[in-house]
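User: I would like to learn how to read side-chain features in a structure. Can we go through a few of them in turn?

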Amino acid sequence: MLDVAMKRSHLEQMRDYRKRLMVKPQLRNLFLELTLRCNERCMHCGSHCGEVFSDELTVEQYRTFLQQVKEYMSTKGKMLDITGGEPLLRKEFFDIMGAAHELGFSWGMTSNATLIDDSVAKDLKKVGIGTISVSIDGLEQTHDEFRRTPGGYRKAMNGIESLIRYGGLEHVQVTTVVTHKNIGELDELFKIFNDMDIDSWRVINMEPMGRAKEHPELILTKEDYQTMFEFIRNKRMQGEPVTYGCSHYLGMEYEREVRDWYYLCTAGLYTASICANGDIVACLDIERRPEFVQGNVLRDRFSEVWENKFQVFRRDLSDDNEVCSKCDQKEFCHGDAYHSWDFDNNRPQVCFKDILF
């Protein structure tokens with residue numbers, strides 16, 4: 001464990017860095033939500049994806065938009081993060097990503113991997129995929145029930161094996177959403193993933209958003225959270241590539257212990273997203289509210305929107321809540337993550353004070 005004084009010094013540097021980012025943001029991650037359609041109906045989905053209709057940009061509209069980003073902002077230091085829904089359900093997927101690859105963009109993808117076989121893995125390599133994160137949310141029965149997809153676990157695991165054999169990726173990651181039901185499966189999951197040639201395992205908690213609000217019985221308890229973070233920390237102390245996600249300030253006990261660096265909600269600072277219909281937002285996990293739509297790529301130049309808007313995200317949420325504004329951790333937490341903030345009641349839905357510290 002790092003010394004507390006050193007952690008505080010690092011967090012103070014992060015606080016000052018965040019202040020500079022609010023004035024001069026640096027786009028690093030640009031998410032493209034290719035579709036809201038999905039072949040799974042996960043119990044935690046924040047976007048209510050499934051067999052739904054969604055307006056979708058055409059291949060040429062994506063090409064024009066990406067050309068503008070390259071011309072006015074360059075491709076250097078920027079990563080396209082491809083998501084959905086299940087992005088591979090977009091029938092023009094390879095045309096869109098082929099265009100992005102031709103323009104020189106680096107890109108990675110989040111997928112349930114159920115549509116990936118050897119042939120698809122080879123095609124992904126041709127259009128320049130660099131990284132992928134595949135969702136495995138428990139052992140076989142748990143995963144299939146959680147994602148409401150019989151056979152989904154087997155298909156996903158086969159997809160990962162195809163990616164390892166033929167994808168030529170820089171990084172293959174597995175992401176597991178931990179719930180009150182599957183937390184007892186972490187050790188067995190580790191053994192399975194440790195026998196595979198994946199590069200990292202991202203362990204995150206189920207968030208109170210989207211469909212998850214319909215399943216409060218799956219939200220982690222205080223003891224569950226402590227168990228999860230101890231599991232991650234112990235694996236990292238053993239040199240294993242297990243990490244917590246970017247979400248949430250964890251206090252002096254766990255900051256820098258369960259991920260590579262310190263907490264920073266990057267919405268509107270490093271991160272912007274293009275919804276399936278072309279709307280420009282910050283992080284796709286944030287509640288879809290009209291006031292958070294900063295423009296649309298069909299009528300607005302993205303570079304100008306990035307430079308001149310997003311102000312709602314370049315501030316401290318803690319200023320909006322009396323308890324948060326008086327908290328002795330607010331200079332490091334800032335009100336925590338935008339995606340888990342209750343904007344109707346101006347309060348955080350997830351706060352680890354009194355749980356972890």
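Analyst: Start with charges and rings. A charge sits over a ring if NZ of Lys or CZ of Arg is within 6 Å of the ring centre and within 35 degrees of the ring normal. Keep in mind that this is a predicted model.

User: Which residue lies over the face of Phe190?

Analyst: That residue is Lys235, at 3.9 Å from the ring centre of Phe190. An arginine case is found at Tyr270: the charged end of Arg28 sits over this ring, 4.0 Å from its centre.

User: How is a pair of aromatic rings described?

Analyst: By two values, the distance of the centres and the angle of the planes. The structure holds 20 aromatic pairs. One of them joins Phe292 and Phe343, with 4.7 Å from centre to centre and 65° between the planes, so the pair is edge-to-face, as planes over 60 degrees apart count as such. These two residues come from distant parts of the chain, 51 residues apart. Phe292 is in the loop between strand E9 and strand E10, while Phe343 is in the loop between strand E11 and strand E12.

User: Are Phe292 and Phe343 buried or exposed?

Analyst: Buried means under 20% relative accessible area. Phe292 has 5%, so Phe292 is buried. Phe343, with 14%, is buried too. Both residues also belong to one aromatic cluster, whose members include Phe65, Trp306 and Tyr338.

User: How many disulfides does a search of the whole structure find?

Analyst: First the general idea: a disulfide is a covalent bond between the sulfur atoms of two cysteines. Here the search finds zero.

User: What is in contact with Gln173, leaving aside its neighbours within four places in sequence?

Analyst: Contact is a matter of heavy atoms within 4.5 Å. On that basis Gln173 is in contact with Ile132, Ser133, Val134, Ser200 and Arg202. Gln173 lies in strand E5, which covers residues 171-178. Its relative accessibility is 16%, so Gln173 counts as buried.

User: With which side chain does the side chain of Gln173 make a polar contact?

Analyst: With that of Thr175, at 3.5 Å.

Note on methods: Residues numbered from 1 in each chain as written. Predicted model: local features only at pLDDT ≥ 70, side-chain atom pairs only at ≥ 80, totals over all residues. Heavy atoms only, no water. Disulfide = S-S within 2.5 Å. Helix = DSSP H or I, 4+ residues; strand = E, 2+ residues; numbered from the N terminus. Buried < 20%, exposed > 50% of the residue type's maximum accessible area, 1.4 Å probe, protein only. Polar contact = N/O pair within 3.5 Å; in protein donor to acceptor, adjacent residues only side chain to side chain. Phe/Tyr/Trp six-rings, centres within 6.5 Å; stacked < 30°, edge-to-face > 60°.
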